Amino acid sequence: MKKKLVVIGAGMASGRMLEHLLGAAPDIFDVTLFNAESRGNYDRLMLSPVLSGEKTYEQIVTHDDAWYAAHNVDCRFGEAVVRIDRKNRVVYSNSGGAPYDALVIATGSAPFIIPVPGRDLHGVVTYRDLEDTRAMMDTRGKDAVVIGGGLLGLEAAAGMAARGARVTVVHLMGHLMERQLDPAAGYLLQKDLERRGITVHCKGATKAILGTDRAEAVLLEDGAVHPADLVCMAVGIRPETRLAVDAHLEVERGIVVDDAMRTSDPHIFALGECVEHRGQVFGLVAPLYDQARVLARTLLDQDAAFVPVQTATKLKVTGCDLFSAGDFADAPGREDIVFRDPGRGIYKRLVLEGDRIVGVVMYGDTADGAWFHGLMKDGTDIGPMRDRLIFGPAFQGGGAPDPVAAVAALPPEAEICGCNGVSKGTIMNAAMGGACTLDQMRACTKASASCGTCTGLVQQVMALALGDAVQDAPMGMCRCTDHSHEDLRRLIRAMGLKSIPAVMQELGWKTVGGCHSCRPALNYYLLAEYPLEYRDDRQSRFVNERNHANIQKDGTYSVVPRMWGGVTTPAELRAIADAAEKYGVPMVKVTGGQRIDLLGVRKEDLPHMWADLNAAGMVSGAAYSKGLRTVKTCVGQEFCRVGTQDSTGLGIKLEKLMWGSWTPHKLKLGVSGCPRNCAEATCKDIGVVCVDSGYNIVIGGAAGMEVRETVPLASTPSEDEAIQIILAVTQLYRENARYLDRIWKWMDKVGLGWIKAQVVDDMENRRALVERFEISQSVYRRDPWADLSTPSETPKWAPLADLTLEAAE
Amino acid sequence: MTIFVDIGSLDDVPAQGARVVRTAQGCVAVFRTADDRVFALEDRCSHKGGPLSEGIVHGTFVTCPLHNWVFDMNTGQAQGADEGRVRTFAAKVQEGRILIEATLLRRSAA
């Protein structure tokens, strides 16, 4: 014989409980379900999307007639229970009784009605059920006032606004949602609502609802009157306990239950918003679902105990991103970590007690809310990560920095493979569709199938989609990061990172301040990407580039003034000779790049020597830089009997255009006036070999540790076009090569064909490259010697103090 | 108790940079980190005598400009596979001034 179970109230808690119960033991109980509303269970949390029109009622029904029929539930919908006869174990509605072996009270809560005149007028509603919702859906073009700026009230206000009503929110407190938000976040929320045309009246106490037959306006204590065809009271709820009180069950604020959800009568149970458990009442859905699980077990005579967990709040107003959990009131011993970005409307606040998170408030960007909430629930000791905590899980360095996090943050349309125009979304889709090796990915999307420099990023996107299924993670550029050079360049571009600290922060650097390997690389990538905005960081440069001279083994320096195209004058030579004598230069040497090197200069003499050389019209030769070094030339047609073009003149033109530019590695040019090639142009990074018909441009030579002969890039009869192509290929190299790759090395990776396509065949692209080079040169075509030998800079080259003198005193 | 001597303003040393102080015991490199802490080390790499004051400062480490040896400025100890140590001296910032230990005024380290 089955036991008789009667349930009063078909809400979300009792609905979930019945699912558990009937799922675990379909044949133990005959269930009778009373509900005052004339329908079964639906997802009340989803009333707001119904109100705003984003969902229909049908979409939010959780248990339909078929479900109740399939589970043999005797539904008494539209029948309100009026009395419980505990002695005889029968409940009564106005149309009859139902005996029970076990009774579950799930009457939920009732909206609180503030006792003001006019509260009974037609047009005054609460926000509790579908009837209320339907009344509010019918407010297009009308005036509506919502009393109460809490979670429910704001969802009502936003929903009616979306339906086309003119909405005013009247809120008693100083800021909206004061139980979940602090004033700063409440302010951002108010701004967002006001942008949607909702009027917000804080510190507004309702005095009366005005109107004769129906609501017409709301009068406040401060005298303000807000017109209102509809008034929604959403000032709070209280547990619905009338039946329990009448039955003389123990009731405090709610119906008192023990850990097993049993009331003071062993045959009567309760759950949901109507109960009080250990002094606490509940309004959010998560603990109610926990109660449902516990009660189902209790009814089956299984042990179970309800333990309330901290729950978080999210506001279901599309476009208002808000998260709140825990306790965030000011209290002694509590500390805050706050992140504000008012321009983007982002606010995050963590409340700490000792090394534990006790409260989280987020507005505008709540992506990390669940993570913080987890730390709070678990009572995690956040001491070790406190300095980065606010930035969320993606930026927790040390233990397990996650390079995939930055990739995860990219939007689907972000371009990953530049050669083939493949976006992150395309790669994700292909991975989901079965491409789980790099080769398969290349075959089906062409991502990383051309120059291959995006391989690391492609693998990371695949890892994002597939988890651990992808192997061969890319090598990091140094031990400070798992990102490769190529990835970093792309991420700097894609994420708009404009400083070294920003890169390190956003991309999860594992060290503080990087190292001597990554800092110069990042400095270069940033200045190449953002020539006008980024300010060169001298402290991230190798000594030679920082001091604009080459350090020697004894700590002295060598100084090389520029000689344009290797051409000098008696006056320049005199100035160099004078400087060599004045500063006691131990060696004067002619370099391989057609200029003169002054070796053994003391650091404190550098700015003085530079000033002297500047005065004679000379600038830094940048003999120390990852940048344009020399343009070596032969004498060409002007003097040479076999010269075909003005190679010296072209060399000088190129050097005057390109000096001061920074490149991934050193950049040496040569211009020879005929194929005899006296300027050795065919072992330079970029060379020109003149012929009778014009100019042969060659690239990719080297004569250092690696000896390489150049390969032909282009030929042109026009000197102007030759210059344009050289500037364009230089810029292409600047924008794409890995730091410390010479042109030949870069060319080996991307292929000569790709370079040709960019700068020779594609005229439009060539022009754009030249233009970008020129923009960068507008900043960098200036003499560092002049900048660093001013009266204010000069003293910085000398020792800070000389204690040998003090010792003598 | 360590006695300190004022050698200049914190502003005289660039963040993530260094300046040299000449002392009777040789040149001392005074470093300033990104978070405005100061360290004083012998300005001579234990490897080939390179001027550490010209190295790249990262965190509390400095990389020698000649052959990329890395030293922990807290201890003067070479990092990684390299073995060696440079002398360190007490240094601190007080009201925007840099102070280093006064023993550097003496001719010998004794």
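**Figure 1. Secondary structure and overall dimensions of chain B.** Chain B of this predicted model has zero helices and ten strands; helices (H or I, at least four residues) and strands (E, at least two) are DSSP runs, numbered from the N terminus. Read from the N terminus on, its elements are β-β-β-β-β-β-β-β-β-β. The radius of gyration of chain B is 13 Å, close to the 13 Å that the globule rule gives for 110 residues, so chain B is as compact as a globular protein of that length. Here the radius of gyration is taken over C-alpha atoms, and the globule rule is 2.2 Å times the number of residues to the power 0.38. Along the principal axes, the C-alpha atoms of chain B fill a box of roughly 35 × 30 × 20 Å.

Residues are numbered from 1 along each chain as its sequence is written, and chains are lettered from A and ligands numbered from 1 in the order in which they are written. Because the model is predicted, local features need pLDDT of at least 70 and side-chain atom pairs count only at pLDDT 80 or more, while totals for chains, interfaces and linings use all residues; side-chain values use heavy atoms, with hydrogens and water left out.

**Figure 2. Secondary structure and overall dimensions of chain A.** Chain A contains 27 helices and 40 strands. Its radius of gyration is 38 Å, well over the 28 Å from the globule rule for 809 residues, so chain A is more spread out than a compact globule. The C-alpha atoms of chain A fill a box of roughly 125 × 70 × 55 Å along the principal axes.

**Figure 3. The interface of chain A and chain B.** In contact (heavy atoms within 4.5 Å) are 33 residues of chain A and 29 residues of chain B. The two chains bury about 2400 Å² between them, 58% of it on carbon and sulfur atoms; buried area is the accessible area (1.4 Å probe) that two parts lose on being put together, summed over both. On the chain A side, His516(A), Leu800(A) and Leu803(A) lose the most area to chain B, together 31% of what that side buries.

Figure 4. The rule finds four salt bridges between chain A and chain B, each a side-chain nitrogen of Lys or Arg within 4 Å of a carboxyl oxygen of Asp or Glu. Lys603(A) and Glu54(B) meet through their side chains in a salt bridge (2.6 Å, N to O). Across the interface of chain A and chain B, 17 residue pairs are in polar contact (both at pLDDT 80 or more). A polar contact is a pair of N or O atoms within 3.5 Å; within protein, one must be able to donate a hydrogen and the other to accept it, and residues adjacent in sequence count only if both atoms are side-chain atoms.

**Figure 5. Strand pairing between the chains.** E40(A) and strand E2 (residues 17-23) of chain B run parallel and are joined by two bridges; strands pair if DSSP finds at least two bridges between them. Asp802(A) stands opposite Arg22(B) in E2(B).

**Figure 6. A four-stranded sheet in chain A.** This open sheet has the order E29-E30-E32-E31 (chain A), with antiparallel pairing. Strand E29 (550-551) and strand E31 (587-590) of chain A are the edge strands, each pairing on one side only. Four bridges join E31(A) to strand E32 (residues 596-601) of chain A, and Met587(A) stands opposite Leu599(A) in E32(A).
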